[in-house]
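Thank you all for coming; I would like to take a few minutes to walk through one model. Please have the sequence and the structure in view while I talk.

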Amino acid sequence: MTRRQRRMALVGVLVLGVGAAVALALSAFEENLLYFISPSEVVAGDAPADRAFRLGGMVEEGSVQRESQGLRVHFVLTDYAQRVPVAYDGILPDLFREGQGIVAKGHLDAEGVFVASEVLAKHDETYMPPEVADALKKAEGKAPAPQP
Amino acid sequence: MIPELGHFALILALCLALIQASLPLLGAWRGRAGWMAVARPAAVGQFVFVALSYAALTYAFVANDFSVLYVAHNSNSELPLVYRVSAVWGSHEGSLLLWMLVLAGWTLAVAAFSRSLNPYFAARVLAVMGLISIGFLAFVLFTSNPFERLVPGALEGRDLNPLLQDPGMAVHPPMLYMGYVGFSVAFAFAIAALMGGRLDGAWARWSRPWTTVAWAFLTFGITLGSWWAYNELGWGGWWFWDPVENASFMPWLVGTALVHSLAVSEKRDGFKSWTVLLAIFAFSLSLLGTFLVRSGVLNSVHAFATDPARGLFILGFLAVVIGGSLGLYAWRAPRVRSTGHFALVSRESALLFNNALLVVAAASILLGTLYPLFLDALGLGKISVGPPYFDAVFVPLMLVLLVLLGFGPMARWKQDRVGRIWHGLRGAAVVAVAALILAAVFYASEHLVLVASLALAVWITATTLLGLWRRLRTPAAGRIRRPPRAFVGMTLAHLGVAVFTVGVAVSGAFSTERDVRLAPGEHYPMGPYTFTFQGVDSVQGPNYTASRGMVEVQRDGAPVSVLYAEKRIYPVRGAAMTEAAVDAGVFRDLYVALGEPLGGGSWSLRLYHKPFMRWIWFGGLMMMFGGLLAASDRRYRTVQVRQPEGALAQEAGRVHV
């Protein structure tokens, strides 16, 4: 091979490899994209039926109920306009409590219950996830403006 | 009074940084030795004043001076002393001051160890570091002053974020910053070389140990962060693909590419413009990482501050640094000629593919980290991509890299033959294929990644040891040659990759994780282990109260360990914290975390059995030590940059043209 051919071969292999990696990345990106949906949007039927999404809102006061056996817990997420019942199997994070803004990842079942695979409540007690703050604002802003 | 002194010292440091950035640069341009000579004393002075300022803030923490706003927000008189010292970098303002201290320290080191360097080059390097200092000092002074007073002073502080009250988190940020900021040296070398228009072997040889040390610190910092997350976040994972972690991982990946590409630049005078570009990217990503974590862009445990003035400054600063250096690169790099040619089969090619893989991996992480932020900023909806995305992209890329890792060090520079490499690696390949078959038989198809990873770990180990054996063996039988430290360092780091791979693969495939509900006296079997819950008592800490659950672990009836997992309440912040209990072993970790009380003395508990967890961090430590060892190679210490007669005058003349 001449030097030019060698170089072209090297460049060709690199371009192919990088192209494959980019294709891989973009398809993985598309597949694993999670949209954030508010309770109002869920009730309006805007939630995807066949894929997971993230649901955020306030944990409604007095809504947390544990089953007497096992770890299943039920609560209601609200943006003060609409309510979505949530079921979760597992240990809730330290900062989970009623009246707290949280984000849950999961999917809707046939009965309209959001089955969460993961519940996130980060930060300290005055913190509000920005998505939740936004969703509350959209839902007529009945809630006091959150302080980050 | 002392906080004001600290503030004043910081202002003086900024003045010195202005001098350090301007006069030496002008001197190098005009050929004035006296102006260039200002760089070193200015760097020393800057370090002294930044250190004084840092000491003043530390004093305010130690003395519980709650009339300082930052102290009042991040400390408490009940906080143990060691965490009062580490609370200095517990939030935005102080962590930037720490960043500044580390930068001043690296600058001081460059000033001290650059005496044999071409004076023009040294002056430019120090000036570039001065420019970075100006940016950071201005940022601290104008938007994030840690010495701001609270009038009237608070009686008691709001306490440090409980998540940060952990030994791992106390050490993690300084190590991470040592790495981030260390890349500023590689960056300064690259920019100075571009300015002078000289990128020769000496430049690469000078950059190399600095870059490798920075990389080693970054490796250590990330390893510590991972270990902290495992212990402190209470769900037993060691990596979450959280934006905060990605922020430190991207510079690491590009830094790893840089360490390898510098080898080609030094030994073969090749890849030079690429190396410069990597140095620019590594530092830019370090800046991006610092700011992503510290500006509050991300909603995550690290990001506390939100302030538009800061955001604008950060964007402006990033634009100046990245835009300026890329502009300089576009202007100057076409002059840089790499003289080393290489064949398709050669070590250069292997390193080129290594670089391509690492950079593509970093880019895919950048996409997953920044794209959601962009969409959000543009008001196009809120999305996120979780760990599945990162796993799907990252794991295949790294598996290819691991295959390559076996070949690269065995290939000769410039030109090699496939037949020769194969001949040398036959033995290792046989062992690796045997491991592959064995793993496939045992673990079948359901653990494809595990089988591939195990075989690759064996492959890397075998080839690396083979390489070491070749180096040790001398033509004269019975004698052992001592290989250079750089080679030993590389060997250690590559073995670390193998150890890390085993840890990730095995713990990923065979961890048992159960969230269970247990009443006191109840037990839960897990493989050969039995976890028995013995109830919860209450414990009083210095600044928290805790419910402490006791879990006895037995293996086949024999006691193994008693684990005390805590759920702490920090009353000042009203924050609850899970303090997991871990019985660590070489081949398995037993992990217990306390969930919530479920009434009647029952609690929810996380019980994990995680095999080979330690290997993950041990692999990281091996990589770090490998890096440090390589950087201490004698050839970097004895290097004398010989200047041909009149080279200095020549250089000065050339720049005028």
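First, a word of care: what you see is a predicted model, in which local features need pLDDT of at least 70 and side-chain atom pairs count only at pLDDT 80 or more, while totals for chains, interfaces and linings use all residues. Residues are numbered from 1 along each chain as its sequence is written, and chains are lettered from A and ligands numbered from 1 in the order in which they are written.

Chain B has 20 helices and ten strands, where helices (H or I, at least four residues) and strands (E, at least two) are DSSP runs numbered from the N terminus. Its C-alpha atoms fill a box of roughly 85 × 75 × 55 Å along the principal axes.

Let me turn to the helices. Helix α10 of chain B, residues 243-268, has 26 residues and reaches 37 Å from its first C-alpha to its last, close to the 38 Å expected at 1.5 Å a residue, the expected span being 1.5 Å times one less than the number of residues. In α10(B), 25 of the 26 residues are buried, and the helix is followed by D269(B), whose phi is positive, near 55 degrees. Helix α17 of chain B, residues 485-510, also has 26 residues and reaches 37 Å; because 20 of its 26 residues are buried, α17(B) is largely enclosed by the rest of the structure.

Now the sheet. Five strands of chain B form an open sheet in the order β3-β4-β5-β6-β7, with antiparallel pairing, and two strands count as paired if DSSP finds at least two bridges between them. The edge strands are β3 (523-526) and β7 of chain B, each pairing on one side only. Four bridges join β3(B) to β4(B), residues 529-540, and among these strands H523(B) has T532(B) as its bridge partner.

Which residues does each chain bring to the contact? Chain B gives 37 residues and chain A gives 33, two residues being in contact if their C-beta atoms, placed from the backbone, lie within 7 Å. On the side of chain B that touches chain A, the elements giving two or more residues include α13 (347-377), α14 (387-407) and β10 (602-611) of chain B.

Strands pair across this contact as well: β1 of chain A, residues 33-37, and β1(B) are antiparallel over three bridges, with S384(B) as the bridge partner of L34(A). Within chain A, β1(A) pairs with β2(A), residues 53-59, in the parallel sense over two bridges, and I37(A) has L55(A) as its bridge partner there.

How values were computed: A residue is buried if 20 or more other C-beta atoms lie within 10 Å of its own, exposed if 12 or fewer, and partly exposed in between; C-beta atoms are placed from the backbone.
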